[in-house]
Amino acid sequence: GNYNGDGTETTASSTTSSTSTAITNEMEIPDTARILYYTRSIVQALHSQYEDVNSMATNLLNAWLEPNPQTILHVMDHASIKNNDNPNNNNNRNNLLSNMKTKEPTESELTQMKPRDLATIRRKTYQRGSKQKERSFAHAKFFCTFSLNPNTSTEAITNASASTSDITRSDDNGLAALIQVAIQSQAGYRRRECVVAIGRIVTSFTLVHKNNHNDDNNNNNNSKKEEEDEKPNPCNDEFQHIIIDKFFSHEIDTGLTIELLEEDEDESKEEEKMKAPSSDQLKIQIRCILITSILLANAEWGSWVLKNAWKKSQIEWRILALSDDDDDTRSMSIASELASASASVESSRSWIISCTNDASSLSDNSIWKKLLSSDDQEVRSGAASAMAKLGLADKATSSDEGELFALLEVAASLIAEHGEDDTNQGNITACSSNLVSTSATKKTSNNFTQLERGVELLSYLSSKTNIKDELAHGYSLKSSLSSSSDSSSKTLISDQTVLERLIDIADDSDAQKSPTVSYALSTIFAALAVSIETLRKEAFENKEITAEQYDTLQAMGKTDEEKERDELQKERDSPESVLSRLQIMAEKGVPRALVNLNKGCTTDTVKEQTLTCMVRMATQKAVRGKMIQSGCLSECIKISKVNKNDRNFSEIEKVVIRHAQHTIAKLLVTTNPALLTMSQRLGSICCLIELVKENESSDLQKFEALLSLTNLGGYDDETKQRIISERGIHVLSYAMFSDHEMVRRAATEAMSNLAPHDDLIEYLRQSEKLKIWVAFASDFEENYECARAALGCLATVTMDPVISNEISKLNHASIMMESVLSCGKLELMYRVLVTALNIAGNEREWIVSSGTLAFCESYVQIYHDGRKSSELSFSASESKLMKATVEIAKEIVRVCLL
């Protein structure tokens, strides 16, 4: 049947003249009839016995309510790439999509536009967005309000000959059908699909602004609301009329007598008093489903409706949570879903805590015990998810090790239960191209929900250091027991650890299709790969204050006792612990799992988390080899090879690309280029060059990218040529003027490793460019490593006669030569003597006039026999370098005196 907000059964009402006038004013009759024809098609598909038809209905509804059609086309693009369809079909689809897509100007095109043209583009974009929101809102409104006369023919719709008599304002509409399917379905996954679909409808209502008279009413009633301590209604009038007034304005007479119970009174007596007639229970189920959807769509609206519009919400929720119908657990399942949704929203957590009597320990509460001990997996998973969110939001609970490990056991049992049906999953997936009955997929879908809840719970827990160590060092699935009320224990899977199970899930192609599972897995792996201290430093990046300065300011207002207490309560996560976790993660196969997650996902948020984990893992030299072997390098190269001028990238897409490039930089700092394939060596170069010249990249990212370019540039002529062909000389020379000393040094070293390539020789033949290198070589007291790299480059390129001649013309070259020779640093002296020897072959007079020859003669005379050098207490390497400098000085003297 179809139900009003008060639960009474209704029939479709006839169309009144006022209703017809309202419809005509809002939209043309043929368009309205066509919209309602879609509604009727969706409703019929929702009632189908076939799984795929149900999914098609919800997909059509989501697409129909989507404000921006380009989003749908973007998803279709991903589908056409991932599906192994007939090439001809793919070509036809791609041609169709290319014709339907709106051509948006790129950033480079926007920057080149005239102000008037830019203003026109922005105005049109705003107008298009406004109309799209209005259309989505109109679709949602008609879906929830009107229905099409069953006697209306398809021909009338097709020929646009429908009239107002074919359109009925009725409770037999799309929203009623969604609620009906959600209530009647025994399968939890079907109910969740309906909840999500209703949430999309609510989202469409939020696209329109709140009406002005509501604001006026709120302003006029400020004093009253302050007395009642209620927040103003944030919802707009249409939502208030269609949803709140219809489903939440009527109170339910439960017929209950609420009386105080003695402490020793049996809990079963309270449960008996909380029982309600089935008709009232149905009304409560409807409200719970709607509230769950509203909370998912808009936290502010959902929290307000929960606390203000639903007057007896706590009592009615307990009626469902304490339901004793063993044959039908829908009520408890709906209650646990609402508990999980409300626990996800900060403003509604106090409501669910009040519903469960705010016990001192979550696990000791009778309502939670009843939900967690249910035979139904849906009920247990919803309650476990709610407990995790509430427990971790509460500081006392989140710091209680016993509570955390109790939640860890629940999470492990959820993912373990899902593992039992993995073998069946493949059989069902193989039939996905055909229509599969709901009963065939019910068990698998329910178990997949368990997986989602278990992984989501672990993602919350993985923020705690002790849980991280427990997961990394082998917390076993056998440690967790999934108990049921009938005292029969479920046999869990093998001797797998939780980490191994998570890796298996990440490798599962079906799990990758779920954005919830993919995001939770990537979040867990990213949390395991980082310490608390590193997270704090990342949080203060690009801020005006550092983490240390913040701690100092906080400590100034505390007493010594408070400081000691804070120090005792501080979580400890040493670098050794992080390194140990990273090594275990690499050995177990986390890098491979990250690659698989990244390939299987279609959302940028998942990619951001997987690449964040890769960046963190690549920090440790010990795991870089495993990461490259697992495909992390190749995957990052693939992500990074995009042309940012082709289209406008969102901020998160830019972050994803930057993380991929940073991972490449970290992996190649110490990796021997000879161990890489040619495609990896050459493919990495353009990514690294892009990271160096990117304005938004940090100094650390630039520095590590430059180190990797230095490593690659010294391998062979082919890599040198690729760096130069990617405008490497221009990019590196620009980086040499960075404000950060280490970036300047790394850029100078990378440029030096390109010598003696012909393009670099040609570049340095310009006296203005050569002056810079002479200046860098002279600054050895302030920037020793940078000067050493500059001298190394000069020692190589001065073999060219033109460059030797240009140096001899520079006024500061002789000063640089004199200061370096007299500095006493053997590394620098060796390089400058090689430079002098190269110049001596072409410019002897300059060597003599600069005083270099006189220095070499004296140097050879003092140290030629090695007796003086033995008195200097040099190390073995320094003694060897000393002998080399003496030999070069002898050669300079010989060349100049010939």
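**A close look at some helices and cysteines**

Helix H34, residues 590-600, is mostly covered, with eight of its 11 residues buried. The buried ones in H34 are Val590, Pro591, Ala593, Leu594, Val595, Leu597, Asn598 and Gly600. Keep in mind that this is a predicted model.

Now for a pair of helices that pack together. Two packed helices are described by the angle between their axes and the distance between the axes. For H38 (residues 651-668) and H40 (residues 699-713), the angle is about 50 degrees and the axes lie 8 Å apart. Angles from 65 to 115 degrees count as roughly perpendicular and those under 35 as roughly parallel, so H38 and H40 are oblique to each other. Their crossing is left-handed.

Who touches whom here? On the H38 side you'll find Arg658, His662, Ile664, Ala665, Lys666 and Leu668, and they meet Leu700, Gln701, Glu704, Ala705, Ser708, Asn711 and Leu712 of H40. Sorted by class, that contact between H38 and H40 has six nonpolar, four polar and three charged residues.

On to the cysteines. The disulfide count comes to zero. Take cysteine 686: its closest cysteine sulfur belongs to cysteine 687 and sits 4.1 Å away, which is too far for a bond because a disulfide needs the sulfurs within 2.5 Å. Cysteine 686 is also partly exposed, as its relative accessible area is 21%. Cysteine 144, by contrast, counts as buried because its relative accessibility is 3%, under the 20% cut-off.

Methods. Residues are numbered from 1 along each chain as its sequence is written. This is a predicted model: local features need pLDDT of at least 70, side-chain atom pairs count only at pLDDT 80 or more; totals for chains, interfaces and linings use all residues. Side-chain values use heavy atoms; hydrogens and water are left out. Axes are lines fitted to C-alpha atoms, for helices over the stretch in contact, and angles run from 0 to 180 degrees between N-to-C directions. Helices (H or I, at least four residues) and strands (E, at least two) are DSSP runs, numbered from the N terminus. Angles under 35 degrees count as roughly parallel, over 145 as roughly antiparallel, 65 to 115 as roughly perpendicular and the rest as oblique. A crossing is left-handed if the near helix is turned anticlockwise from the far one by less than a right angle, and right-handed if clockwise. Contact means heavy atoms within 4.5 Å. Ala, Val, Leu, Ile, Met, Phe, Trp, Tyr, Cys and Pro count as nonpolar, Asp, Glu, Lys and Arg as charged, and the others, Gly among them, as polar. Buried means under 20% relative accessible area, exposed over 50%, partly exposed in between (1.4 Å probe, protein chains only).
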